[in-house]
Amino acid sequence: MATDTAGKKNGAGNSQSSDDAQPPRIDVALQYIRDLSFENVAAQKYVNMEVKPELTVQVNVEANKRSENRYEVILRLNASARDGDITVFLLEVDYAGQFVLSNVPDAHLHPLLLVECPRLLFPFVRRIARDLTADGGFPPLNIDNVDFVSLYKSELARQKARQQAEGQSG
């Protein structure tokens, strides 16, 4: 009897019923820098590189269907540093991943593409930003974690407000 119990724990001898649905799956097929620009304005204009500039960082996400179950998700990072009204540097990174999604219900597809996929890409974008700013002669830009859930909810609220405004003006 101990053999039967151990067999069941390991799944040996058990056939899965046809009612068991396959769990959702995300596979990263490819990830890459889609577009990259770093403009070191301070060095070009001989601005004091020792300044502590004011940083502005913006993150956006875009998702595009490529085939039946393959999607490209683009994580856009724009960072600028200013010292008063003088631009010190500009950084723009479009980092993309192609994801193969399997067994994902339609209701979960949109949040998966705009929340979970960017979470997988973000550490790579953060490293690129850190390395580029350091290689540009500045302290490394260490970007805080991004709350993609809040970003997603804000975008949904913005779209809903725009639709309501268009409905009232029409």
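Is phenylalanine 89 buried or exposed? At 3% relative accessibility, phenylalanine 89 counts as buried, where buried means under 20% relative accessible area, exposed over 50%, and partly exposed in between, with a 1.4 Å probe and protein chains only.

Please note that this is a predicted model, in which local features need pLDDT of at least 70, side-chain atom pairs count only at pLDDT 80 or more, and totals for chains, interfaces and linings use all residues. Residues are numbered from 1 along each chain as its sequence is written, and side-chain values use heavy atoms, with hydrogens and water left out.

A search of the whole structure finds four aromatic pairs. Rings of Phe, Tyr and Trp (its six-membered ring) pair if their centres lie within 6.5 Å; planes under 30 degrees apart count as stacked, over 60 as edge-to-face and the rest as tilted.

One of the pairs joins phenylalanine 38 and phenylalanine 89: the centres are 5.6 Å apart and the planes stand at 35 degrees, so this pair is tilted. Phenylalanine 38 belongs to strand E1 (residues 25–39) and phenylalanine 89 to strand E4 (residues 86–102), so the pair ties together parts 51 residues apart in sequence. Strands are DSSP runs of at least two residues (E), helices of at least four (H or I), numbered from the N terminus. Phenylalanine 38, at 24% relative accessibility, is partly exposed. Ring pairs also link Phe38, Phe89 and Phe138 into a cluster.
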